[in-house]
Amino acid sequence: MTRVNRFNSPVPDHEYLADGDVLFYLRDAVTQLLDHQQEYTTFGLIRYFAEYFSSVKNSNHVLFREYNYIRATPHNRASFIRVFWRCYRQIGKSGDLLSTLEYRSLLQLLCPDFPLEMVQLAARVVQMEDVIDCLMSFSDFLYALQLQFYYQEFLNGVLLIYQDLLAGKSPNIVIVPTSTSIDQLPSVAAEDNSKEKQQQQDGVDSSTLAQCIDALCDRSKHSHPPRSCMREVLEQTNKVYYYSFQMSLAKHPSINQTIGALPSRADVLIDPEMDQDLDKLIAQISVSPGSNSGGSAVGGLKEVQSRASPRRNIHHRRKIEVESDCSTEETDSSEN
């Protein structure tokens, strides 16, 4: 999300509101208030709006929300990636390898209708092929998911360009994808015959793809990776394969810095603040006489973690499940 200082910036008010998606969040806050008026009026309106926008600022507002909401703004997308990382970082520390469906199960604990197609796209980037049942490390999957989820519309446009170049079509006839064509992409990719698969193995000319991507950046209204990063990746080889290009982008440190949701790959399993919170929680549980671990965990996490969205009461059952996954216990993704 573009950060603009509303007090010192010469940007007009309407541009500031648009850049920060302020009206989107205000509409959502009012909608949530009207849908659950009886529950939230006990808060008081001032406290409700304060907590809602505090949760947006702290990136907790995407917890348990529907998929259309978590992908509605760049800030929401980055926030969801960060929440996913913080909840399941322990998987990476333990060295566990998980399948596509297991990662989807973890994602659906945070977003109940998170689509399988998005998980499969990230898996294909990691494996650089259409096989989607191999096991993947947490770090590899995390950065591939970040790239696909944050830049979804733009990357779908790149895929259409790549497919046109493979088919020998002129780059001039490439069409920027609409929301309808995006939904159809997984089925299109699944219709490869043996000749097309051989073409994909051969790849396309890197310089031609770079020119088409540059033109797509000029026309696209969606967020896209920095042009310098894409050029740098494409200049390293004469022929490029789509998924190898994506994996190189997923690993590129500048793209990670641009999104701003995750630490560097070297530090992705390190989170001193979270570790301190977990140590406090464990200490609380160990000294709490006669209390069950589930209740203590929930109470402790409410104290040590950032304040969550006002929707937490609505989804109390799911929150208990995720807060358990955020503890030091090993994640059992098969329980979904």
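The crossing of helices α8 and α9 is right-handed (the near helix is turned clockwise from the far one by less than a right angle). The contact (heavy atoms within 4.5 Å) involves Met118, Val119, Leu121, Ala122, Val125 and Val126 of α8, and Asp140, Phe141, Ala144, Leu145, Gln148 and Phe149 of α9. These residues comprise 10 nonpolar, 1 polar and 1 charged, where Ala, Val, Leu, Ile, Met, Phe, Trp, Tyr, Cys and Pro count as nonpolar, Asp, Glu, Lys and Arg as charged, and the others, Gly among them, as polar.

The model is predicted; local features need pLDDT of at least 70 and side-chain atom pairs pLDDT 80 or more, whereas totals for chains, interfaces and linings use all residues. Residues are numbered from 1 along each chain as its sequence is written, and side-chain values use heavy atoms, without hydrogens and water.

Helix α8 spans residues 116–127 and helix α9 residues 138–150; their axes lie 8 Å apart at an angle of about 120 degrees. Axes are lines fitted to C-alpha atoms over the stretch in contact, with angles running from 0 to 180 degrees between N-to-C directions. Helices are DSSP runs (H or I, at least four residues), numbered from the N terminus.

Phe84 and Phe114 touch the most other members of the largest nonpolar core, which has 78 residues. Such a core is a set of buried (under 20% relative accessible area, 1.4 Å probe, protein chains only) Ala, Val, Leu, Ile, Met, Phe, Trp, Tyr and Cys residues joined through side-chain atoms within 4.5 Å. Beyond four places in sequence, Phe84 touches residues including Phe141 and Leu145.

Ser79, in helix α6 (residues 74–94), is buried, with a relative accessible area of 1%.

Definitions and conventions. Helix = DSSP H or I, 4+ residues; strand = E, 2+ residues; numbered from the N terminus. Buried < 20%, exposed > 50% of the residue type's maximum accessible area, 1.4 Å probe, protein only.
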